[in-house]
Amino acid sequence: GGACEFDSDCPPEASKCVNGQCWNGSETDPCDFTGDCQGSCANGQCWDGSEGDPCVNDAGCSADVPHCVAGVCHDGTEGDPCVDDGQCEDPAILCALGTCKLNEEGGVCADDGDCGVPFIYCVEGGCYDGTPDDPCFQNNQCDSFMCNPMTMTCT
């Protein structure tokens, strides 16, 4: 908290000079660069990269919370925002419609790419595997390659 012009004006326990004051780089201390912090610098403040902390990129997030999505650190659990499957930690969780979601039958999807094995078809906004009675619009959405046109279900 002492006054300074340069880092060299500060004591070892608060070795960074930012905005004319000595700081130690703890969370919420002011910063100009990541080097001013014990963690990372985002929006002019130091952060440790915990869930919900602001970030500029993945490097600003901790090892336990490795994904910077839309300027915020996330761990990739169900319900977290995402851009791709790599930002969802568990292989059973996929990125669909910008959110990490559990890959389950009927799970939310916009297209087949939002569904993972074994639920590989997106029909009516839900993921299905093409077994009998699953909804379908085309024969290739069914394991049997037969979509009943009357019921729009796999036979």
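User: How many helices and how many strands does the chain have?

Analyst: This is a predicted model, so keep that in mind throughout. Start by listing the elements. The chain has zero helices and 12 strands. Read from the N terminus, the order is β-β-β-β-β-β-β-β-β-β-β-β.

User: Next, overall form. What radius of gyration does the chain have, and what would a compact globule of 155 residues have?

Analyst: The idea is to set the model beside a reference value. The chain has 24 Å. A compact globule of 155 residues would be near 15 Å. Now look at the spans along the principal axes. The C-alpha trace covers about 80 × 20 × 15 Å.

User: What share of the contacts with a separation of 6 or more links residues 24 or more positions apart?

Analyst: Here you ask how far along the sequence the touching partners sit. In this chain, residues 24 or more positions apart make up 3% of those contacts.

User: And the surface? How much of it is there, and what share belongs to carbon and sulfur atoms?

Analyst: The accessible surface is about 8300 Å². Carbon and sulfur atoms hold 53% of that. Then turn to burial. Of the 155 residues, 41% are buried.

User: Are Lys 16 and Asp 7 buried, exposed or partly exposed?

Analyst: Read the relative accessibility of each. Lys 16 has 23%, so it counts as partly exposed. Asp 7 has 36%, so it also counts as partly exposed.

User: What about a charged residue without a partner? Where is Asp 114, and which side chain of opposite charge is nearest?

Analyst: Asp 114 lies in the loop between strand S8 (99-102) and strand S9 (121-123). Asp 114 is buried and has no salt bridge. The nearest side chain of opposite charge is Lys 101, 7.3 Å away.

User: What polar atom lies 2.8 Å from the side chain of Asp 114?

Analyst: Look at the backbone too. The backbone nitrogen of Ala 110 lies 2.8 Å from a polar atom of the Asp 114 side chain. Then list the contacts, leaving aside neighbours within four places in sequence. They are Leu 94, Cys 95, Ala 96, Leu 97, Lys 101, Cys 109 and Cys 127.

User: Let me try Asp 129. Where does it lie, and how far away is Lys 101?

Analyst: Asp 129 is in the loop between strand S10 (126-128) and strand S11 (147-148). Asp 129 is buried without a salt bridge. Lys 101, the nearest side chain of opposite charge, is 13 Å away. A polar contact of 2.9 Å does join the side chains of Asp 129 and Thr 131.

User: Which residues does Asp 129 contact beyond four places in sequence?

Analyst: Among them are Glu 105, Pro 118, Phe 119, Asp 134 and Asp 143. Follow that last one. Asp 143 sits in the loop between S10 and S11. Asp 143 touches Asp 129, Gly 130 and Thr 131, not counting residues up to four places away in sequence.

User: What is phi at Asp 133 and at Phe 145?

Analyst: Look for positive phi in residues other than glycine. Asp 133 has a phi of about 80°. Phe 145 has one near 60°. Asp 133 is in the loop between S10 and S11. Phe 145 is placed in the loop between S10 and S11 as well.

User: One last residue. Where is Gly 98, and what does it contact?

Analyst: Gly 98 lies in the loop between strand S7 (93-96) and S8. Its relative accessible area is 34%, so Gly 98 is partly exposed. Leaving aside neighbours within four places, Gly 98 contacts Asp 80, Pro 81 and Cys 82. Compare sequence with space: Gly 98 and Gly 79 are 19 residues apart along the chain, with C-alpha atoms separated by 9.4 Å.

Technical notes:
Residues numbered from 1 in each chain as written. Predicted model: local features only at pLDDT ≥ 70, side-chain atom pairs only at ≥ 80, totals over all residues. Heavy atoms only, no water. Buried < 20%, exposed > 50% of the residue type's maximum accessible area, 1.4 Å probe, protein only. Helix = DSSP H or I, 4+ residues; strand = E, 2+ residues; numbered from the N terminus. Lys, Arg positive; Asp, Glu negative; His and termini not counted. Salt bridge = Lys/Arg side-chain N within 4 Å of Asp/Glu carboxyl O. Polar contact = N/O pair within 3.5 Å; in protein donor to acceptor, adjacent residues only side chain to side chain. Contact = heavy atoms within 4.5 Å. Rg over C-alpha atoms; globule rule 2.2 N^0.38 Å. Areas by Shrake-Rupley, 256 points an atom, 1.4 Å probe, with all protein chains shown as cover.
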